[in-house]
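Thank you all for coming. Could we have the sequence and the model on the screen, please, and then I will walk through a few places in it.

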Amino acid sequence: MTIKAVCFDLDDTLLWDERSVREAFEATCQYAEQQSGIDAEQLELKVREAARSLYASYETYSFTQNIGINPFEALWAHFTGGEHTAFRTLEKIAPEYRAAAWTNGLFSLGVDDPKLGETCAELFMTERRNRPYVYDETFEVLDRLRERYPLLLLTNGSPSLQQEKLDGVPGIASYFDHIVISGNHDHGKPNRSLFEHALDLLGLKPEETIMVGDKLTTDIIGAIQMGMHNAWINRHEMKPSEDITPEYTITCLLELFDVIETINQQQPV
Ligand SMILES: [Mg+2]
């Protein structure tokens, strides 16, 4: 059986989201340091803590967990798209959540200044939007693969936010024959139904496809459960998990070509 299509995760697989978020925090926290004298690095830690805990306290938490929208995405996301009523609730909660995350973070370092909290919340959104990074090899890999395979994007998240991330990198969406965003469906990865939907769109059997992603608990376990080939992109020397064993581990997307070649040469058992 040979590979007939390649499925990609988006965040931290094709887009360098972690760097975008990290730098947006740095820029915003440095602004707060200039305004109030507190340590920028400490503030980032405190705001991340405050964001996580606030996010988990909202009625939308189980929905965001299921669809796969993390607290730091909600610090800058629009939730205007998506049919689920929970997106409308998120839209309402978001401004208060953002301001509170920054205000609480400042407060825990002894700065009681809700106005500065609100300014930081706004600034973070702008700083994150200004940084739509991709990895050095992203376009080369997509260019070469597209010549041979249909490509499908399988991403967890809010439809508005994932679309905005794609729009931030001109041309990237056009590489994909199909784009599946979990927020348009009932569940996110690793739920089986989302992978089944992806395979239906491709009209292929699981073993004719490969899923490429950075997250063992969503991309890789989901693909394993379906019987899809899978490659875990581990760029930061993360420790392998004891429970989830990817079929292939790569440290750069360019290694995918060898992986696909290896699979294509395997004899059917
Ligand atoms: Mg990812």
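This is a predicted model: local features need pLDDT of at least 70, side-chain atom pairs count only at pLDDT 80 or more; totals for chains, interfaces and linings use all residues.

Let me begin with Val-180, which, leaving aside its neighbours within four places in sequence, is in contact with Leu-152, Leu-153, Leu-154, Thr-155, His-185, Leu-194, His-197 and Leu-201, where contact means heavy atoms within 4.5 Å. Residues are numbered from 1 along each chain as its sequence is written, and side-chain values use heavy atoms, with hydrogens and water left out.

Val-180 lies in strand S3; helices (H or I, at least four residues) and strands (E, at least two) are DSSP runs, numbered from the N terminus. At 1% relative accessibility Val-180 counts as buried, a word that means under 20% relative accessible area, with exposed meaning over 50% and partly exposed in between, for a 1.4 Å probe and protein chains only. Val-180 and Gly-157 are 23 residues apart in sequence, and from C-alpha to C-alpha they are 9.9 Å apart in space.

One of the contacts of Val-180 is Leu-194, and that takes us to helix H8, residues 192–202, whose buried residues are Leu-194, Phe-195, Ala-198, Leu-199 and Leu-202. Seen down the axis of H8, these buried residues fall within an arc of 140°, so they line one face of the helix; the arc is that of the directions from the helix axis to the C-beta atoms. What do the buried residues of H8 pack against? They pack against strands S1 (5–8), S2 (151–155), S3 (178–181) and S4 (209–213), and against helix H9 (216–226). In the loop between S3 and H8 we find Pro-190, and the peptide bond from Lys-189 to Pro-190 is cis, with omega near 10°. Just after H8, Gly-203 takes a positive phi of about 65°.

Now to helix pairs. Two packed helices are described by the angle between their axes and the distance between the axes. H8 and H9 pack at an angle of about 70°, with their axes 10 Å apart; axes are lines fitted to C-alpha atoms, for helices over the stretch in contact, and angles run from 0 to 180 degrees between N-to-C directions. That makes H8 roughly perpendicular to H9, given that 65 to 115 degrees counts as roughly perpendicular, under 35 as roughly parallel, over 145 as roughly antiparallel and the rest as oblique. On the H8 side the residues are Arg-192, Phe-195, Glu-196 and Leu-199, and they meet Thr-218, Asp-219, Gly-222, Ala-223, Gln-225 and Met-226 in H9.

For a second pair, helix H6 (residues 138–146) and helix H10 (residues 256–265) pack at an angle of about 30°, with their axes 11 Å apart, which makes H6 roughly parallel to H10. Here Val-141, Arg-144 and Leu-145 in H6 meet Leu-256, Phe-257 and Ile-260 in H10.

Ile-250 is found in strand S6 and is buried, with a relative accessible area of 1%.

Let me turn to the metal. Which residues are the protein donors of the magnesium ion? They are Asp-9 (OD), Asp-11 (O) and Asp-214 (OD), lying 2.1 to 2.2 Å from it; donors are N, O and S atoms within 2.8 Å of the metal (3.2 Å for Na, K and Ca), and water is not among the atoms, so sites may look incomplete. Asp-11, in the loop between S1 and helix H1 (17–36), and Asp-214, in the loop between S4 and H9, are 203 residues apart, and the pair links distant parts of the chain. Asp-11 is buried, with a relative accessible area of 12%.

Asp-11 is also among the contacts of Asp-17, together with Asp-12, Arg-128 and Lys-165, leaving aside neighbours within four places in sequence. Asp-17 lies in helix H1 and counts as buried at 8% relative accessibility. As for Asp-12, its phi is near 65°, a positive value in a residue other than glycine.
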